[in-house]
Amino acid sequence: MIRPQQITVLGATGSVGLSTLDVIARHPELYQVFALTGFSRLKELLALCVLHSPRFAVVPQQELARNLQDALAAAGLDTRVLVGESGLCEVAAHPQVDTVLAAIVGAAGLRPTLAAVEAGKKVLLANKEALVMSGALFMQAVHRSGAVLLPIDSEHNAIFQCLPADYSKGLGTVGVRRILLTASGGPFRETPLADLMSVSPEQACAHPNWSMGRKISVDSASMMNKGLELIEACWLFDARPNQVEVVIHPQSVIHSMVDYVDGSVLAQLGNPDMRTPIAHALAWPRRIDSGVAPLDLFRIARLDFQAPDEHRFPCLRLARQAAEAGNSAPALLNAANEVAVAAFLDRRIRYPEIASIIDEVLNLEPVIAVEELDAVFEIDLKARTLAEHWLSRSGR
Ligand code: NAD
Ligand code: MG
């Protein structure tokens, strides 16, 4: 009999976390939940613990841990509750864990995701910000520990599926001309530019095709998400920024493509549902049922493509600039974006000011080499301080 894989889900209460638990619950003979972590929706975390009986749960504070521990005991569960970043790192690196789903949003996911990588786990990466911030260090840790890093960001999962197994020999060596990274264009693809000054967080979060957390929804509206994904693709597939072309494809049916020197273009298609890339990465190199409905091509009928307009999407231009500058630039970009998006969601700034804040931070802070993790956090803090300074100077 095969022993079920032990899975830690970092960010279990989020959109990707819940999709992961949905897939896991379809295959109890293959997967068992080892640990679940949550940050704010702790009632939901309790309900997930009742459903999946994990060995550990992790919450941000001691008092929340006591409350959850009591509630778990009342429900007859012996799940142990751990606290804070050290708790997250413990369940990510625990010797009994096989696979870690990295689905915390933003920079907060970096240390726990790296803990899983350093412990040589199979790491399913949704938390693209972690890789964007620490790219070279992150990939060095993967190679050093022998961790198996599999992308579940739908585009990167698609690219992974379209590449040959030996792509790590180099994209040129395996005949790849370029990667075509598809983007839906988000809710503001056709909004008159003059109206962007007055769009609300609700409008930005109303993505036409995907249902996601609020931060990534705003990133999708601004196309910063595609910018972060461009940087993510460069690290995952050892590509140069100019080997990755962004293609707007409003139907979100093609999740990305690989263009080969012989003129072949391979694409991965599917309904826009994260359970497909999650199931693919969980079972890789096998295939399992994800619960996603089969693609109905007759209903879709057509697939459209257009080039992105960097005037409409300045965040995409800023991200490409950071990708090309390398070193500390992507960490600056990411941190400035996190502050700006939070301010937009709090209605402290207008939507176009997200790009203004990031632009200023990238202009003010010189790009430096990054040789250790502490330096990444220093750069992150500098960018956050500069972005906060923009906000206070503008009276927000
Ligand atoms: P979400 O906001 O729905 O969930 C985020 C999760 O992280 C929650 O469980 C939350 O409790 C936890 N969290 C938030 N702040 C934390 C902190 N400071 N410390 C510890 N935990 C914290 O976000 P999501 O949409 O599920 O996205 C998660 C990650 O996956 C992001 O990096 C996003 O870019 C990436 N991603 C998401 C999708 C998607 O379809 N939602 C697709 C591709 C990639
Ligand atoms: Mg994506």
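The model is predicted: local features need pLDDT of at least 70, side-chain atom pairs count only at pLDDT 80 or more, and totals for chains, interfaces and linings use all residues. Residues are numbered from 1 along each chain as its sequence is written, chains are lettered from A and ligands numbered from 1 in the order in which they are written, and side-chain values use heavy atoms, with hydrogens and water left out.

**Ligand 1**

- There are 21 residues around ligand 1, and Thr13, Ser15, Val16, Glu129 and Gly213 come nearest. A residue is near a molecule or strand if one of its heavy atoms lies within 4 Å of it.
- The shell around ligand 1 holds 11 nonpolar, 7 polar and 3 charged residues. Here Ala, Val, Leu, Ile, Met, Phe, Trp, Tyr, Cys and Pro count as nonpolar, Asp, Glu, Lys and Arg as charged, and the others, Gly among them, as polar.
- Helix H1 (15–25) and helix H6 (128–145) each give the shell at least two residues. Helices (H or I, at least four residues) and strands (E, at least two) are DSSP runs, numbered from the N terminus.
- Ligand 1 lies between domain 1 (5–151) and domain 2 (153–269 + 293–312), because both give residues to its shell. The domain bounds come from an automatic or database domain assignment.

**Polar contacts and cover of ligand 1**

- A polar contact is a pair of N or O atoms within 3.5 Å; within protein, one must be able to donate a hydrogen and the other to accept it, and residues adjacent in sequence count only if both atoms are side-chain atoms.
- Glu129 places a polar side-chain atom 2.6 Å from an oxygen atom of ligand 1.
- For Val16, a backbone N or O atom lies 2.9 Å from an oxygen atom of ligand 1.
- Phe39 has a polar backbone atom 3.0 Å from an oxygen atom of ligand 1.
- On its own, ligand 1 has 820 Å² of accessible area, and the protein covers 87% of this. Accessible areas come from the Shrake-Rupley method with a 1.4 Å probe; for residues, only the protein chains shown count as cover.

**The magnesium ion**

- Which residues are the protein donors of the magnesium ion (ligand 2)? They are Asp153 (OD), Glu155 (OE) and Glu229 (OE), 2.1 to 2.2 Å from the ion.
- Donors are N, O and S atoms within 2.8 Å of the metal (3.2 Å for Na, K and Ca); water is not among the atoms, so sites may look incomplete.
- The donor residues follow the sequence spacing D-x1-E-x73-E. Asp153, in the loop between strand S7 (148–151) and helix H7 (154–162), and Glu229, in helix H10 (residues 224–237), are 76 residues apart and link distant parts of the chain.
- Asp153 and Glu229 are both buried. Buried means under 20% relative accessible area, exposed over 50%, partly exposed in between (1.4 Å probe, protein chains only).

**Backbone features**

- Trp284 and Pro285 are joined by a cis peptide bond, with omega about 10 degrees. Pro285 sits in the loop between helix H11 (275–283) and H12.
- Asn327 is not a glycine, yet has a positive phi of about 50 degrees. Asn327 is in the loop between helix H13 (314–325) and helix H14 (329–345).
- Arg347 is not a glycine either, and its positive phi is about 60 degrees. Arg347 counts as exposed because its relative accessibility is 53%.

- Val33 is in strand S2 (residues 31–37). Val33 counts as buried because its relative accessibility is 8%.
- Ile300 is in helix H12 (residues 297–300). Ile300 counts as buried, at 15% relative accessibility.
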